[in-house]
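Subject: Structure handover

Hello,

Here is the structure for you to look over. My notes on what turned up follow below.

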Amino acid sequence: MKSTNNERMLEEKLEEDNERELCSDLCYPLHWFKMLATEMHWSFIYGIVVVNGINQGLGGAVGRVASDYYWKDVQEVQPSESQVYQGITSLPWIIKPLWGLLTDILPVAGYRRRPYLILAGLLGAISMLIIWLEKDLFTMLALLLLTIANAGSAIADVTIDACIAQNSVTHPSLASDMQSLCGLSSSIGGLLGFSISAFLMDAISSQEALGLLSFPSLLVLSVGMVLKEQYAQDFSYCQIHEKLMQANKTMWKTLKCAEVWKPCIFTFASLALSLNIQEGMFYWYTDSSTGPAFSQKNISFNYSIGSIGSLLGVLLYQNSLKDYPFRCILFWTQFLSSILGFLDLVLVLRLNLKLGIEDYIFMVISEAISQMVGRVKWMPILVLSSQLCPIGIEGTFFALLMSIDHVGLLVSSWGGGLMLQLLKVTRTEFGNLWMAILIRNLLRLLPLLLLNLVPKNDQNSMVQSDDYFVSNEAVGAVLSDTNGVDQESLILH
């Protein structure tokens with residue numbers, strides 16, 4: 001009898017322990033979020049959620065679907081042309097160092113960050129409203145407006161990145177957590193955006209759907225109004241030239257360090273050699289004669305599943321992979337991205353039908369896995385980039401590193417468009433699309449030859465040497481003093 005009671009008490013204790021452990025697991029995201037808000041400031045967290053989650057995540061998702069159909073159905077361009085236009089609209093992301101310089105050294109009305117967020121919101125809202133209200137836009141005018149909207153997104157992104165880079169330098173142990181928050185916000189926002197884009201495209205036109213993107217831009221404007229930032233007193237605009245020269249000197253000095261330019265070469269090659277042929281695939285997806293003739297709902301749902309895969313990639317990285325060395329993570333993700341690319345080849349050759357797998361199911365599975373691997377690959381690149389930034393010009397230098405990546409994406413987009421043109425992939429002809437996929441997948445293996453350029457460090461330690469940061473303390477002091485703001489005050493407590 002006594003033994004039975006002891007067993008019963010032991011079972012009850014085990015159940016209580018399991019309940020506590022389950023409760024702890026469920027509450028972990030809240031505790032993690034609260035920890036970041038305590039270490040930083042609620043307005044900084046709000047800025048990340050709005051810029052990365054709502055503007056880039058949700059707005060970017062709706063914009064991706066709407067712009068694909070806008071170029072295809074409204075402007076009626078060829079897939080290779082659409083590919084080139086998509087690259088042109090990304091040009092503001094390539095000149096991110098310019099936005100970084102402005103937000104680092106040129107305060108407006110006494111603030112370095114807030115005015116640029118307000119400007120970013122206005123650019124996005126106004127350009128999208130014009131697209132919404134003006135019918136029968138010329139192709140070049142539509143291209144200009146979409147480029148201006150991207151400029152707004154790029155300015156908002158570089159401004160928030162500047163704050164993240166500052167905190168990554170002073171709190172290297174939280175660098176991966178901050179990037180995880182950005183990734184989670186972006187993935188969740190993308191999931192919501194792709195989920196509602198199908199209903200939007202059914203209810204309204206692609207042009208009107210683009211016009212709705214003015215609302216996320218207005219939220220970016222609100223971030224500029226509430227972001228906590230110390231007022232820069234006694235700022236002298238006469239010292240702008242001196243600060244530009246000092247920032248330029250520090251930027252190029254850092255870029256010449258082997259710890260910096262080597263991983264930059266790898267990330268550029270990794271992005272540029274993965275030729276983007278998404279527009280060719282999109283036209284094939286929606287073709288009714290040779291393709292599977294997916295509907296707008298099918299396309300949107302597929303992108304939604306891709307966002308779930310991206311979200312799972314962030315969770316996988318945050319919980320299991322953030323402590324692994326950079327080189328290990330990038331090797332496996334680069335290798336897997338090449339292998340997974342052959343799933344597109346299976347789909348285009350219709351081999352999946354011979355295996356008894358429907359086109360739509362196969363496409364959804366392929367998109368989810370590919371996006372998960374892509375997100376896991378991107379996270380350590382962001383962490384590495386944030387850790388390479390010198391004191392005093394964190395926003396500028398992080399923007400420079402990101403612009404190098406965007407140049408790689410532009411080369412990928414235009415290279416993919418050129419390949420589609422050379423292989424004669426058009427709105428109705430897809431006979432050589434399989435060859436474009438094969439070439440893309442093989443090129444993805446080439447960056448593995450440059451993997452030794454990536455540091456062996458784990459992701460929680462600084463890549464730059466202590467001597468380097470000591471040598472740049474004077475630079476940070478000069479930039480801080482000329483800004484009229486104490487360097488520590490720029491880090492949002």
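Is Leu-445 buried, partly exposed or exposed, and what is its relative accessible area? Leu-445 is partly exposed, at 32% relative accessible area. Please keep in mind throughout that this is a predicted model.

**The nonpolar patch**

Leu-445 sits in the loop between helix 19 (433-443) and helix 20 (466-471). Together with Trp-332, Phe-335, Leu-336, Ile-339 and Leu-442, Leu-445 makes a nonpolar surface patch of about 520 Å². The cut-off for joining such a patch is over 30% relative accessible area, and Leu-445 has 32%. Helix 15 (residues 326-348) gives the most to this patch, with 4 residues.

**The whole chain**

The protein has 21 helices and 0 strands. Of its 493 residues, 55% count as buried. The accessible surface comes to about 21300 Å². Carbon and sulfur atoms hold 66% of that surface. Take the contacts with a separation of 6 or more: residues 24 or more positions apart account for 87% of them.

**What the record lists**

An unreviewed UniProt entry lists "transmembrane region" for residues 116-133, 139-160, 181-204, 210-227, 298-317, 329-348 and 434-454. I looked at two of these spans in the model. Residues 181-204 are 96% helix and 0% strand. The end C-alpha atoms of residues 181-204 lie 33 Å apart. Residues 210-227 are 83% helix and 0% strand. Here the end C-alpha atoms lie 27 Å apart.

The largest nonpolar core has 45 residues. Leu-210, Tyr-285 and Leu-433 have the most contacts inside this core. Helix 2 (residues 42-74) gives the most to it, with 7 residues.

What does Leu-433 touch, leaving out residues up to four places away in sequence? Leu-433 touches Gly-280, Met-281, Trp-284, Val-348, Leu-420 and Val-425.

**Salt bridges**

How many salt bridges does the structure hold? There are 3.

- Asp-344 and Arg-440: their side chains meet at 3.1 Å, N to O. Asp-344 lies in helix 15 and Arg-440 in helix 19, so this pair ties together parts that are 96 residues apart in sequence. Both Asp-344 and Arg-440 are buried.
- Lys-72 and Asp-73: their side chains meet at 3.5 Å, N to O. Lys-72 is buried, with a relative accessible area of 15%. Asp-73 is partly exposed, at 38%.
- Arg-350 and Asp-359: the closest N and O atoms are 2.1 Å apart. Arg-350 is partly exposed, at 23% relative accessible area. Asp-359 is buried, at 10%.

Ser-43 is in helix 2. Ser-43 counts as buried because its relative accessibility is 0%, and the cut-off for buried is under 20%. Beyond residues up to four places away in sequence, Ser-43 touches Val-226, Leu-227 and Lys-228. Of these, Val-226 and Leu-227 fall in the span 210-227 that the UniProt entry lists as "transmembrane region".

Ser-300 is in helix 14 (residues 296-321). Ser-300 is also buried, at 0% relative accessibility. Leaving aside neighbours within four places in sequence, Ser-300 is in contact with Val-65, Phe-194, Ser-197 and Ala-198.

**Tyr-360**

Where does Tyr-360 lie? Tyr-360 is in helix 17 (residues 359-387). Tyr-360 is partly exposed, with a relative accessible area of 22%. Not counting residues up to four places away in sequence, Tyr-360 touches Phe-294, Asn-298, Phe-301 and Asn-302. Tyr-360 and Phe-294 are 66 residues apart along the chain, and their C-alpha atoms are separated by 7.9 Å.

Best wishes

Conventions. Residues numbered from 1 in each chain as written. Predicted model: local features only at pLDDT ≥ 70, side-chain atom pairs only at ≥ 80, totals over all residues. Heavy atoms only, no water. Patch = residues over 30% accessible without salt bridge, like charges linked within 9 Å, V, L, I, M, F, W, Y side chains within 5 Å. Areas by Shrake-Rupley, 256 points an atom, 1.4 Å probe, with all protein chains shown as cover. Salt bridge = Lys/Arg side-chain N within 4 Å of Asp/Glu carboxyl O. Helix = DSSP H or I, 4+ residues; strand = E, 2+ residues; numbered from the N terminus. Buried < 20%, exposed > 50% of the residue type's maximum accessible area, 1.4 Å probe, protein only. UniProt positions renumbered as here; feature names shortened; annotations may be inferred. Core = buried A, V, L, I, M, F, W, Y, C linked by side-chain atoms within 4.5 Å. Contact = heavy atoms within 4.5 Å.
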